[in-house]
Amino acid sequence: MILITSGAYVGHELASEIGLIPAAFLVSGNKRLYRHQAELLKKYNEQIYLSLPNDFEIMDDDKKYLKNNNIKVIETAPSATLTEALRVCLSLMLPFDEPLRILHGDTLIWEIPQHKSDVFSVGKTGSFYSWAEYRKNENNCIKFIEGLPNGGFAREVLSGYFCFSNPYFLLQSLSQCNNKFSECLNRYNEKCALAPTETGRWLDFGHLQTYYRSKALMTTERNFNSLKITQHEVIKSGQKAQKIHAEAQWFKNIPPSLTRYTPALLGTGEKNGFNEYKIEYLYLSTLSELFVFGRLPVFLWENIFEACNEFLTACRQYKPTSEEITATNGLYLDKTLTRLDRFAHERNIQLDKDWKINGKNVPSLNRIAHMMAAEISKVSASDIGVMHGDFCFSNILYDFRHGTIKVIDPRGLNSEGQHCIFGDLRYDFAKLYHSVVGRYDFIKADMFSLKGNNYSYQLELPDDKFSKAAQNVFISSVIGGKTCESAEAAPISILLFLSMLPLHGDKPEHQNALLANGLRLFSEFDRTHKPSLPKFITAERQDIATTAMTSKL
């Protein structure tokens, strides 16, 4: 049997930046920690138990994962000590006819010894936190201790995995240890000698510093990018040389006053035929991680969106030449139609065939594109400023200490593929909208249910109270001088979901979900008014757009 212990909430320092969640529900590599742990433990073919606080609300997506993977949840009081929680868990796991494995919920270990009993894992750390440790006396006998070290720097600590050959004696030891886990280990060790075992690579997520360091080692990448993270820097390279070069030039060329919102650019160059640039690595969470996996209170989301407002307001102060303004118009209809043509060719999709989403009939992709473009007024000088170009949650980090955001992965190109730091800031607002209201990050995290094909989809996305509260804050916010309505964020966001389809061909299930989500947003869009056609729709497409706007759905 295997028990992942996560019956208490994370400590105050972590909770202040993630929210009140158990350690096993922390995020790493765009999924919860317990999922990484379960994947590593599956090789044992043993029943897995997961202890959680009895007042913790498990999201539907997590309930589904736990059920599908036969992981049994044991609820314990969040105020219970580790030894008290273990006693409850072991009592509910009876009877035992095999050794008991325990893995602490804030630990990830890759090389767990499969055939060793009465062992505990050890690893070295240089962090000044309270950890359980062991000592050997002159007779080579082991004694377990816990607390802060008295001296030295790097030390060997218990890294969080145990295997006990006699679970019944462990249960007895737990009842005699005065609520100290180290004393429980000492009592068990008197009868069944425990031995340290090296497990190689291990990551600790239990403290704020170690959480961010561990998370840095588990990054997510797109198929055209190569991302290397060290303790101090991020090195980004890729086959799309123009894209990488444009990002680097954006960091170089933005006004100095805006660099407070970015990591420091540490260098650019070329290596092995690939363009690359280096930026400072920041030990911060993305808004995507906080929105999808965190449990932040409403007032912190108010602070976060105010920080986004501060950034876009600062960006609006800088203006380009008139030629650069003209180049922003292609961001919408032209770009979407070009991308849809590519998608249709790759997937053999008919762009003029109508769809159905969640039981509602909607027009063809071509008609939707023209209808949404018709909802977007022509860009004006007041809309223009320094544009990030991909201002979505996964590219925004939040610094809780300073109450500011840091942005990464800018676009750096205008719609004509030219290097440019300026653009339509409504586009950046819409990128926020497509994360918050469009729930793009839930799709990227595989947290969705999609059924159907042949031009009919049924899509379900998480709708928990935490992300809903954040969405309500966003909808009522003024960001960069715009509201959701004045920024025309909804129609732009719908076009975004359509235009990104060919970019996700490496994951067809994600691609289908993004398509279904674009259809869902369109089906919910309020089209009670019919504005005049935007002037930037090209002449040959005017008739199509006019027909699309005046036709019945």
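Keep in mind as you look around that the model is predicted.

**Stop 1: a pair of rings.** The structure holds 32 aromatic pairs. To see one of them, select Tyr9 and Phe56: their ring centres are 6.3 Å apart and their planes meet at 65°, so this pair is edge-to-face. Tyr9 belongs to the loop between β1 (2–5) and α1 (12–18), while Phe56 belongs to the loop between β4 (48–53) and α3 (60–68). The two residues are 47 residues apart, and their pairing links distant parts of the chain. Phe56 is buried, with a relative accessible area of 8%.

**Stop 2: a cluster of rings.** Next, select Phe291, Trp301, Phe305, Phe393, Phe429, Tyr433, Phe442 and Phe474 together; ring pairs link them into a cluster.

**Stop 3: charges over rings.** Show Arg201 with Trp110, and you will find the charged end of Arg201 over the ring, 4.0 Å from its centre. Then move to Lys353 and Tyr455. Here the charged end of Lys353 sits over the Tyr455 ring, 5.2 Å from the ring centre.

**Stop 4: Ile279.** Finish in strand β17 (residues 274–280), where Ile279 is found. Is Ile279 buried or exposed? Its relative accessible area is 6%, so Ile279 counts as buried. Setting aside neighbours within four places in sequence, select the residues in contact with Ile279, among them His232, Phe251, Pro263, Leu266 and Ile408.

How values were computed:
Residues numbered from 1 in each chain as written. Predicted model: local features only at pLDDT ≥ 70, side-chain atom pairs only at ≥ 80, totals over all residues. Heavy atoms only, no water. Phe/Tyr/Trp six-rings, centres within 6.5 Å; stacked < 30°, edge-to-face > 60°. Helix = DSSP H or I, 4+ residues; strand = E, 2+ residues; numbered from the N terminus. Buried < 20%, exposed > 50% of the residue type's maximum accessible area, 1.4 Å probe, protein only. Lys NZ or Arg CZ within 6 Å of the ring centre and 35° of its normal. Contact = heavy atoms within 4.5 Å.
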